[in-house]
Amino acid sequence: MDTSRNYENPFQDYSNSSCLTVLKPEENTIADNFKTSLITNTKKLLQKLEENKNDWTDHDDYSIYTGTAGIANMFQLYADYFNEPAYYSKAIELLQNCIEKFKWKGKISFLTGLSGPLALGAVLFHKHGNKDDSRNAISKLISLSTHVISERNKIPDELLYGRAGYLFSLLYVNSNISPPPIKSDIIQQVIFCIINSGCMYSISIRSKSPLMYSWHDTEYLGAAHGLAGILYILLQARNYLYEEQLKNFILSTLYYLQDLKYPSGNFPSSIESNTDRLIHWCHGAPGMTMLFCLAYEIYSDKKFLETAIQCGEVVWARGLLKKGYGLCHGVSGNAYTFLHLYQQTKDPKYLYRACKYAEWCFNYGVNQNRIPDRPFSLFEGLAGVIYFLIDMQQPSMAKFPAYTL
């Protein structure tokens, strides 16, 4: 077991006495004093981000992942939770600029492609009366589908750059605008492409899994590039799937994936890997927790919940990463493990653990051995930590951005 990538967890685990510093156990909610700390530190870190605006606007990255669209996403959440409409205006301004200046170059996913700013913009414009801008963004988003479903285009299926990331954009719009503006047949065509691609590749390599995918010649398993991320988005699109797809392809693949779990509770990063090293949202247990919580919700197989709980144990033990605090491969992303388990089980232990990880994030920048390339961005840097701390204000409603609808 590799411990060089993480700090030893200094926090006492949940008990009837230890929880009193952060929880109201009788109500299964966050204690008032800790909620005050959450608000204070959220606003302190937001101020730090805004003071460094030139550092996150002086480049040509307009993506959700590491660009200004991701900061717009955080501003939207901040405005929602703290009822500060000025941040809606800031988010709208940023997204209009992102959509106008984004150099498409075939990038189609929510996180790294044009569909992210379009989907986020469509929803935000719609909610704030910019109906023409919203319709234009939706029209552009739909127009990308011909590129996505074309067999001539060698598009990967994974979340970060591929079809699953485009599918998330479509689902995001339909989940947040009523009536849903994107027709079912468009979504079903994208789903068919993803499942067909996974089926054909599985047959070609004689995999035991009904679905298998490759990105850069590697069969990744995690949330960002691999099987878990694709399955998680497909399960969230279950209203558009046929029963055969849910049972014969997705359920059987879930059982296959579950059997790859290490005894520690972690998962390999890829089929080829046999090292129990990575505890990130992008590779390893955190992204798996979310998948198996949802699988349990849909299929009612208690083994899926047991797998998610085992993932939670390894994240608690080894999730305070030396790499930093980010959502993709850092402490704030790992903390969503506990929020998802809390939502699924209502066990206050997981809310307590999420609070302790939030407490670690209050000291942003102190415990890390590298500075990310985009230190203020949503998925690598400060904006993502702020996003997590905002989500902690209402933990039962928290959603990992660009992954959970």
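Start by selecting F338: this residue is buried, with a relative accessible area of 0%. Keep in mind as you go that you are looking at a predicted model.

**Stop 1: F338 and its partner**

How are the rings of F338 and Y357 placed? Their centres are 5.0 Å apart and their planes stand at 80 degrees, so this pair is edge-to-face; the angle cut-off for that label is over 60 degrees. Next, colour the helices around them. F338 belongs to helix α14 (residues 331-345) and Y357 to helix α15 (residues 348-362), so the pair ties together parts that are 19 residues apart in sequence.

**Stop 2: a stacked pair**

A pair of aromatic rings is described by the distance of the centres and the angle of the planes. The structure holds 30 aromatic pairs. For another of them, select W281 and F400, which are stacked, with 4.9 Å from centre to centre and 15 degrees between the planes. Which parts of the chain does this pair link? W281 sits in the loop between α11 (243-258) and α12 (285-299), while F400 sits in the segment after α16 (382-391), so distant parts of the chain, 119 residues apart, are linked. W281 is buried at a relative accessible area of 0%, and F400 is buried with a value of 0%.

**Stop 3**

**Stop 4: a lysine over a ring**

Move on to Y7 and show K322 as well. K322 lies over the face of Y7, at 5.9 Å from the ring centre.

**Stop 5: backbone details**

Turn to the backbone now. Select S178 and P179, which are joined by a cis peptide bond with omega about -5 degrees. You will find P179 in the loop between α8 (163-176) and α9 (184-205).

Next, pick D217, in the loop between α9 and α10 (227-236). Its phi is near 65 degrees, a positive value in a residue other than glycine. Is D217 buried or exposed? D217 is exposed, because its relative accessible area is 74% and the cut-off for exposed is over 50%.

End at A402, in the segment after α16. A402 also has a positive phi, about 65 degrees, although it is not a glycine. Here the residue is buried, with a relative accessible area of 4%.

Methods. Residues are numbered from 1 along each chain as its sequence is written. This is a predicted model: local features need pLDDT of at least 70, side-chain atom pairs count only at pLDDT 80 or more; totals for chains, interfaces and linings use all residues. Side-chain values use heavy atoms; hydrogens and water are left out. Rings of Phe, Tyr and Trp (its six-membered ring) pair if their centres lie within 6.5 Å; planes under 30 degrees apart count as stacked, over 60 as edge-to-face and the rest as tilted. Helices (H or I, at least four residues) and strands (E, at least two) are DSSP runs, numbered from the N terminus. Buried means under 20% relative accessible area, exposed over 50%, partly exposed in between (1.4 Å probe, protein chains only). A charge sits over a ring if NZ of Lys or CZ of Arg is within 6 Å of the ring centre and within 35 degrees of the ring normal.
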